[in-house]
Amino acid sequence: MIDIRPAVSLVIDGVDVTVPAGTSVLHAAREAGIRVPSLCATDSLKAFGSCRMCLVEVDCRKGCPVSCTTPVETGMVVHTQTPKLAALRRNVMELYISDHPLDCLTCAANGDCELQEMAGVVGLREVRYGMTGATHLEAPKDESNPYFTFDPSKCIVCSRCVRACDEVQGTFAISITDRGFAAKVTAGINEGFLNSECVSCGACVQACPTATLMEKTVVDHGLPDRTVKTTCAYCGVGCSFKAELKGTDVVRMVPDDEGGANEGHSCVKGRFAWGYATHSDRVLSPMVRDRINEPWREVTWDEAIAFAASRFRAIQDTHGRDAIGGVSSSRCTNEEVYVVQKMIRAAFRNNNIDTCARVCHSPTGYGLKQTFGTSAGTQDFRSVEHADVIMVIGANPTDAHPVFGARMKRRLRQGAQLIVIDPRRIDLVKSPHIRAAHHLALRPGTNVAVINALAHVIVTEGLVNEAFVAERCDRHSFEQWRGFIAQPAQSPEATMALTGVPAETVRAAARLYATGGNAAIYYGLGVTEHSQGSTMVLGIANLAMAAGQVGREGTGVNPLRGQNNVQGSCDMGSFPHELPGYRHISDEITRAQFEARWQVELDEEPGMRIPNMLAAAIAGQFKGMFIQGEDLAQSDPDTHHVTEALAAMDCVVVQDLFLNETAKYAHVFLPGTAFLEKDGTFTNAERRINRVRPAMPPRTGLQEWEAVCRLSTALGYPMHYPSGAAIMDEIAALTPTFAGVSHAYLDRVGSVQWPCTAETPLGTRIMHEGGFVRGKGRFLITQFVPTEERANRRFPLLLTTGRILSQYNVGTETRRTANTVWHPEDRLEIHPHDAELRGIGEGDGVVLSSRKGTITLHAHLTDRVPEGVVYTTFHHPEAAANVVTTEYSDWATNCPEYKVTAVDVRPVD
Ligand code: SF4
Ligand code: SF4
Ligand code: SF4
Ligand code: FES
């Protein structure tokens, strides 16, 4: 971005320097290549001026100001190295060292400690102040956090940790309490890190210049000796990390300052919860069995591949070509997903390929393609820094997309206004220094009525951005939509009884969105996982176009993708009707391109979606499935239905790290690779293609794509690639938006956001800037249709589900890490009034039943959920939340309606 601050020229140590006004003398010196000793200052935090190491002398000025808090002035003449400054700095250092354990040789930070380094820089040779007076050397350690230690005996009270927690993470969990000699870092109200508000993001650990805050892995194993840059494999933020290793063992993960998505920040999962990659539960050898009630037999790769191929072939010989299919995984790399869909289309010779995105963001793909012309979010994460109004719908960024959540909170603390549309009071509604301007706590299942009511206000109160609509949108569709949305039936007053949101709140939120400056919408699965998920995405796009809030910095429609590579798995052609790049399988020109490259004739008919495959299995027509990195038996709705379908098949092949719930129904288990072993790319929620580099060789002996290629070859369609890079070259050759992408290019430029083409070689930060990808933006009618799933006398409460920060998805990985200290089980949030009515107390066991099934959980009483609504997470198989979810799904995409299930809750007998 262009810096518009005026330039200021000064002289530092005889060197002429010109920097933007407001720059500190310390930074100006750095610009000139002059290093001023410092301890409490860092590049990423606001200056604090506490350590007094960065003293300088300035001509015609008395005293020695600290350079980190002194702004540059025109004509200043600064000296950073004088005998007087050297003496002062040595004295400061002597004071620090006089209250510091002299155990450098055995300290975990030896060689990586800024205090040690500065002692060298200032030439410390003696410490005149003895250690006979009062010191902090006996201060007890806080070892409560599972991942890092806090040893206050080494603390220099520089406040870097506190500032990192406040400024970067925005949790305000730690503070410097007391003054003078008694000043110390305190977590929470003196309650230790584990019991405080701390979310274990690790920003303080990274900021600490000494060994006070230190990763336990470094304490145990010593400092790393090599680094591999890669990408977190948890959520759709796609944070870049430096995996720091000793040999092939990871010692720590350090978020990369140059990471486009995270800019040096991380959350507890990416930074600390990587131990699952080497967990003893991991299966490292292929296994087969004839029947699912038999024990597994370990076999060689060749035997496993031959077994799977012969079973798949036998099924097709007996039941026809369409009797097998597969599911690709949004946890896997683009390259791995690409070869799976290619195997299905070219070796299975059908289009029965679907992906786990079916159960999360398929309505996003549909809705944004229909309205804007492309199935992806419009902005990069950085764009939020220019938003004046942020509307969060059915998403919980601080739990599910924590690093972006921290960035959003930063913008909110700077003064952006917040509108939250969610039945539950998520943390953002009220957190330190943040208060939502409006929280629309709607009844689950009424999203579309609310988005229509917001649009109704904009249309009927003259808030439409007529110039934007006239220039950028399809007039005919707009006029039709305007007529529909202006009907009194869509008004906040008419829909209030249904949605539970006061009309005035809806009106105020709509006015703020339309007139508050740049307004950006961020949404999650609370939008898509409904029977009207696609309608709601259309409604969001309509709203953004009507208010002219799309196509520029600080605005847009931004789906927060759940898994690390949901965007990528969709881009790679994982849907049964689309080839890579979202091109319809029935399109002859597209098909011809793939046929020419793949040397195979492709089926022009779209294949089956996951629900169709499962239903066909129960009907006895679908007999075999290849399941890549997905736990259908735990993550898909109506578990009994899913397991019945899996049990009915003759050949289920699971490719995964662990024997998950689905593997109980598998005949072949192909061990998968953890992200630290993968070589490829992930595409995050902002369309950013990030490199995933192997920090260690695959512990199974094969990359996942190699196993798939072998299976395809055994099925009669040979697939051979020399590397993951070669797969990406093929993707780029066949997918216009990936045209300029290659591993070598990404290694050079870091990351790019697709479209990355000859015209946009550095990618595209913001979509639809000059015009929509489809030409004119299209408005679509969004009639509210209530879900079939309704509360009634038998099931009077509505269950909705979500995620928690420390666990991830069905918990396969995070449950195998120390993250379980924060979330050992899924609990049922219930409003105290609903609990009281049923005789339920805090922590009581409860039975939750729906039309589909019954589960037991422990209750947590909270007014975060409104009366009539209960909420749980689905991270633990014991709770089996999907036993109770229903078969209802989105009308356009079959995305399951996870977010609305009518239930009854009773105390455990
Ligand atoms: S780990 Fe993160 S949340 Fe916890 S104290 Fe440190 S910076 Fe704050
Ligand atoms: S814990 Fe580390 S970062 Fe925090 S005040 Fe002490 S030395 Fe500074
Ligand atoms: S925010 Fe997401 S991508 Fe980033 S470290 Fe956390 S889990 Fe990984
Ligand atoms: S770096 Fe300037 S006072 Fe610490």
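Two strands are taken to pair if DSSP finds at least two bridges between them, and helices (H or I, at least four residues) and strands (E, at least two) are DSSP runs numbered from the N terminus. On this basis, strand β1 (residues 7–12) and strand β2 (residues 15–20) pair in the antiparallel sense over 6 bridges. Within this pairing, Val11 stands opposite Asp16 in β2. The hairpin of β1 and β2 has 2 residues between the strands, and Asp13 takes a positive phi near 50 degrees there.

The model is predicted, with local features requiring pLDDT of at least 70 and side-chain atom pairs counted only at pLDDT 80 or more, whereas totals for chains, interfaces and linings use all residues. Residues are numbered from 1 along each chain as its sequence is written, chains are lettered from A and ligands numbered from 1 in the order in which they are written, and side-chain values use heavy atoms, with hydrogens and water left out.

Around ligand 1 are Cys165, Ile174, Phe193, Cys198, Val199, Ser200, Cys201, Gly202, Ala203 and Cys204. For the classes, Ala, Val, Leu, Ile, Met, Phe, Trp, Tyr, Cys and Pro count as nonpolar, Asp, Glu, Lys and Arg as charged, and the others, Gly among them, as polar. The shell of ligand 1 accordingly divides into 8 nonpolar, 2 polar and no charged residues. Ligand 2 has 13 residues around it, of which Cys155, Cys158, Ser159, Cys161 and Cys208 come nearest; its shell comprises 9 nonpolar, 3 polar and 1 charged. Ligand 3 is surrounded by Cys232, Tyr234, Cys235, Val237, Gly238, Cys239, Phe241, Cys267, Lys269, Gly270, Pro402 and Val403. At least two residues of this shell are supplied by each of α8 (268–272) and α13 (402–413), and the division by class is 9 nonpolar, 2 polar and 1 charged.

Helix packing was described with axes, which are lines fitted to C-alpha atoms, for helices over the stretch in contact, and with angles running from 0 to 180 degrees between N-to-C directions. The axes of helix α9 (residues 301–319) and helix α26 (residues 704–714) come within 9 Å and cross at roughly 50 degrees. That angle makes α9 oblique to α26 (under 35 degrees counts as roughly parallel, over 145 as roughly antiparallel, 65 to 115 as roughly perpendicular and the rest as oblique). In the contact (heavy atoms within 4.5 Å), Trp301, Asp302, Ile305, Ala308, Ala309, Phe312 and Arg313 of α9 meet Ala707, Arg710, Leu711 and Ala714 of α26. By class, this contact has 8 nonpolar, no polar and 3 charged residues.

An open sheet is formed by 3 strands in the order β28-β29-β30, with antiparallel pairing. Both β28 (680–683) and β30 (751–753) stand at the edges with a single partner strand each, so one side of each is left without a neighbour in the sheet. The twist averages 30 degrees from one strand to the next. Strand β29 (residues 688–692) pairs with β30 over 3 bridges, and Arg688 stands opposite Gln753 in β30. Helix α10 (residues 334–348) packs on the sheet and touches β28 and β29, its direction making about 95 degrees with that of β28.

A closed barrel of 6 strands runs β31-β35-β32-β34-β33-β36 with mixed pairing. Its neighbouring strands are turned by 45 degrees against each other on average, direction ignored. Strands β33 (residues 845–849) and β36 (residues 901–907) run antiparallel and are joined by 4 bridges; the bridge partner of Val847 in β36 is Arg906.

Note on methods: A residue is near a molecule or strand if one of its heavy atoms lies within 4 Å of it.
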